[in-house]
Amino acid sequence: MDLTERKKKILRAIIENYIETAEPVGSRSIAQTAGLDISSATIRNEMADLEALGFLEQPHTSAGRIPSPKGYRLYVNELMEIHRLSALETRRLNEALRLKMQELDKVIDQAGRIVSQLTRYPTFALAAGSGRVTIRRFDLLMVERNAFIAVLMTDNDVVRNRLMRLPSDLNESQLSLLNTLLNATFTGLTLEEITPELMRVASHAAGEAYGLISLVVSFGMEVLREQSAQSIHTAGITSLLSHPEYRCLERAEPLMNYLSETEEMESLTVPANGKMNIFIGPENVAAALQDTSVVMASYDIGNGLRGVIGVVGPTRMDYAKLTARLSYFADGLARLFEANEAASLPQSEKEE
């Protein structure tokens with residue numbers, strides 16, 4: 001059944017009133033604020049119809065109504081006006097986007113914390129693991145006779161290092177030879193491709209030499225395994241308690257526990273299509289999110305990676321403001337990563 005324009009206006013007014021007040025909405029307040037030239041009695045009848053159709057709910061014995069997930073979905077899809085960012089909002093977002101490009105995980109984590117401060121909701125920031133990550137180069141640095149530092153860089157510009165201690169002495173010449181062999185044999189390979197190559201080397205290398213090679217290559221495999229996995233960061237979890245819906249710890253605790261466990265949050269995957277995604281109430285897969293809304297914006301990181309910045313909170317969210325802010329911030333992050341990727345290209349590639 002298609003809703004009449006009057007019903008849509010009343011539903012929109014109820015949702016926007018409830019977003020602002022967190023209190024069930026009655027016909028009188030709608031008659032005063034919605035700009036409709038109709039009586040409270042007519043509005044009551046329309047509200048009863050909207051409830052019968054599943055767009056509104058009546059909590060307890062209150063005379064007022066609140067939106068249902070179905071009502072919010074219609075609002076997001078059809079009734080919500082696009083929010084135009086104010087000059088102050090734009091300035092705050094631009095200031096927040098002055099992130100120093102560091103390792104990917106650090107930038108993602110910092111972005112999540114900033115969005116939580118701007119929205120006053122818990123946030124999550126994640127990057128989907130790349131289907132193909134390889135080691136770009138190895139560098140081995142002598143520390144003392146029986147210790148060296150292994151530094152490696154992946155092809156998505158992640159740098160990791162580890163101090164390697166040995167049971168016997170190693171000289172500079174041996175370390176240089178090891179460095180050359182690693183760069184000639186184990187760069188440009190994925191995690192799956194490294195193991196057979198390591199086995200091939202084992203058949204030719206002496207026991208002590210193979211032990212050294214295996215030590216560094218195993219470290220490289222750890223890094224590739226980490227980069228292939230989905231990285232999730234959360235921030236602002238306790239901000240839930242500032243919202244009326246979660247002042248009861250019994251209701252807040254399951255959601256806070258869910259947001260604290262990154263393994264639990266693996267159900268929040270990077271959307272394959274579309275830059276903005278909104279999941280309302282039961283549209284969420286995880287049981288802990290069934291009474292919440294999740295709003296997420298995705299963006300390109302480069303090197304075939306996609307990231308997501310999102311917020312979790314009550315279904316009574318100001319969706320218009322949140323989608324505008326998240327979209328702007330995600331676009332800014334995409335530009336940030338694009339600029340960083342361009343800056344890292346050789347001059348010949350920039351000119352093409």
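## Exercise 1: A lysine in a loop

Task: Find which residues K275 touches, not counting residues up to four places away in sequence.

Solution. Step 1: K275 touches M296, A297, S298 and D331 once residues up to four places away in sequence are left out; contact here means heavy atoms within 4.5 Å. Step 2: Place K275 in the chain, in the loop between α10 (249-260) and β8 (276-280). Helices (H or I, at least four residues) and strands (E, at least two) are DSSP runs, numbered from the N terminus. Step 3: K275 has 47% relative accessibility, so this lysine counts as partly exposed. The scale is as follows: buried means under 20% relative accessible area, exposed over 50%, and partly exposed in between (1.4 Å probe, protein chains only). Step 4: K275 and D300 are 25 residues apart in sequence, and their C-alpha atoms are 9.7 Å apart in space.

Before you go on, note that this is a predicted model, in which local features need pLDDT of at least 70, side-chain atom pairs count only at pLDDT 80 or more, and totals for chains, interfaces and linings use all residues. Residues are numbered from 1 along each chain as its sequence is written, and side-chain values use heavy atoms, with hydrogens and water left out.

## Exercise 2: The whole chain

Task: Work out how many helices and strands the protein chain has, and what share of its residues count as buried.

Solution. Step 1: The secondary structure comes to 12 helices and 10 strands. Step 2: Of the 352 residues, 45% count as buried. Step 3: Take the contacts between residues at least 6 apart in sequence; 61% of them join residues at least 24 apart.

## Exercise 3: Helix α1 and what follows

Solution. Step 3: Look for the buried residues of α1, among them I10, L11, I14 and I15. These buried residues pack against α2 (27-33), α3 (40-52), β1 (56-57), β2 (66-67) and α4 (69-79). Step 4: K8 also lies in α1, and its 18% relative accessibility is why K8 counts as buried. Leaving out residues up to four places away in sequence, K8 touches L3, E78 and L79. Step 5: Move on to A22, in the loop between α1 and α2. A22 has a positive phi of about 60 degrees although it is not a glycine. A22 is buried, with a relative accessible area of 16%.

## Exercise 4: Strand β5 and its partners

Task: Decide whether strand β5 (residues 147-154) is largely enclosed or largely open, and find which strands it is joined to by bridges.

Solution. Step 1: 6 of the 8 residues of β5 are buried, so the strand is largely enclosed by the rest of the structure. Step 2: Strand β4 (residues 135-144) runs antiparallel to β5, with 8 bridges joining them; two strands pair if DSSP finds at least two bridges between them. D139 stands opposite V151 in β5. This hairpin of β4 and β5 has 2 residues between the strands. Step 3: Strand β6 (residues 159-165) is also antiparallel to β5, through 7 bridges. There, M153 has V159 as its bridge partner. The hairpin of β5 and β6 has 4 residues between the strands, and in it D157 takes a positive phi near 70 degrees.

## Exercise 5: The nonpolar cores

Task: Find which members of the largest nonpolar core touch the most other members.

Solution. Step 1: A nonpolar core is a set of buried Ala, Val, Leu, Ile, Met, Phe, Trp, Tyr and Cys residues joined through side-chain atoms within 4.5 Å. Step 2: The largest core has 53 residues, and L11, Y75, Y299, I309, V311, Y319 and F329 touch the most other members. Step 3: Helix α11 (residues 319-343) gives the most to this core, with 9 residues. Step 4: Apart from it lies another core of 27 residues, including V133, F148, L170 and L198.
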